[in-house]
Amino acid sequence: MSQQETYKTAGFGQPVPRGIRPGIVVVDFTYGFTDTTYPTAADMTTAIAATRQLTDIARVRGMPVIYTTIAYHPGELNKLPWLRKATGMAALIEGSRLVEIDAATGIQPGDPVITKKGASAFHGTSLAALLTGAGVDTLVVAGATTSGCVRATVVDAVQSGFNVMVPADCCADRAQAPHEANLYDMHQKYADVTDADDIERWLISLSDRG
């Protein structure tokens with residue numbers, strides 16, 4: 001039995017229903033992840049451009065666009081277990097350039113920015129409340145890294161009651177293998193993994209209905 005058949009037999013990979021009130025969460029497209037002068041970063045230019053294609057469309061149609069960043073107070077650095085495993089993350093200090101959202105994303109002054117301490121954009125933050133307050137029923141998750149904070153956010157989004165879409169070309173990682181493996185796994189278990197063009201058509205179709 002092939003891998004695809006194994007998952008299908010187990011009941012995975014079913015399509016996710018798309019609602020009528022989408023929102024977009026852009027995970028950690030900050031300079032600490034996007035500017036390759038920093039050791040924690042990788043070239044994410046293509047994924048940022050594809051993501052901006054969607055956020056620009058969503059914003060003018062009144063659909064919420066929310067960004068996230070990881071930022072630590074210096075007093076937290078020796079107390080958080082994740083930073084013992086992923087020591088490079090300790091460079092993401094509050095107020096530093098590394099934690100600023102990359103301007104290439106097209107972020108606007110009215111876009112909320114969620115500050116988090118771990119991988120998931122939901123854990124210990126107000127994200128679920130913001131999305132619920134905005135009436136979001138389907139969440140588009142983009143950003144970095146695919147195998148880390150994007151995946152954790154997707155899992156928590158499903159567990160928080162949202163249908164989830166992941167445009168693969170709007171996600172980036174430091175290596176291709178974990179990027180592809182986690183996209184595959186998310187598509188089988190938690191989200192519909194698609195692309196920016198598909199999401200764009202969907203967003204436009206919703207606004208055309210109105």
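The paragraphs below go through a pair of packed helices in this predicted model and then some loop residues. Residue numbers run from 1 along each chain as its sequence is written. Local features need pLDDT of at least 70 and side-chain atom pairs count only at pLDDT 80 or more, while totals for chains, interfaces and linings use all residues; side-chain values use heavy atoms, without hydrogens and water.

Two packed helices are described by the angle between their axes and the distance between the axes. Helix H6 (residues 146-159) packs on helix H7 (residues 176-189) at an angle of about 15°, and their axes are 9 Å apart. Helices (H or I, at least four residues) and strands (E, at least two) are DSSP runs, numbered from the N terminus. Axes are lines fitted to C-alpha atoms, for helices over the stretch in contact, and angles run from 0 to 180 degrees between N-to-C directions. H6 and H7 are therefore roughly parallel to each other, a term for angles under 35 degrees.

On the H6 side, the contact (heavy atoms within 4.5 Å) is made by Thr 146, Ser 147, Val 150, Arg 151 and Val 154. H7 contributes Pro 178, His 179, Asn 182, Leu 183, Asp 185 and Met 186.

The buried residues of H6 include Thr 146, Val 150, Arg 151 and Val 154. In H7 the buried residues are His 179, Asn 182, Leu 183, Asp 185, Met 186 and Gln 188. Besides H6, the buried residues of H7 pack against helix H1 (3-9) and strands E5 (163-167), E6 (171-172) and E7 (192-194).

The ends of H6 have backbone features of their own. After H6 comes Gly 161, with a positive phi near 100°.

Another loop, between strand E3 (113-116) and helix H5 (127-133), holds Ala 119. Ala 119 is partly exposed, with a relative accessible area of 24%. Leaving out residues up to four places away in sequence, Ala 119 touches Trp 82, Gly 148, Cys 149, Ala 152 and Thr 153. Its C-alpha atom is separated by 8.4 Å from that of Arg 151, 32 residues apart along the chain.

Finally, Asp 28 lies in the loop between strand E1 (22-27) and helix H2 (31-34). Asp 28 is not a glycine, yet has a positive phi of about 55°. The relative accessible area of Asp 28 is 0%, so Asp 28 is buried.

Key
Angles under 35 degrees count as roughly parallel, over 145 as roughly antiparallel, 65 to 115 as roughly perpendicular and the rest as oblique. Buried means under 20% relative accessible area, exposed over 50%, partly exposed in between (1.4 Å probe, protein chains only).
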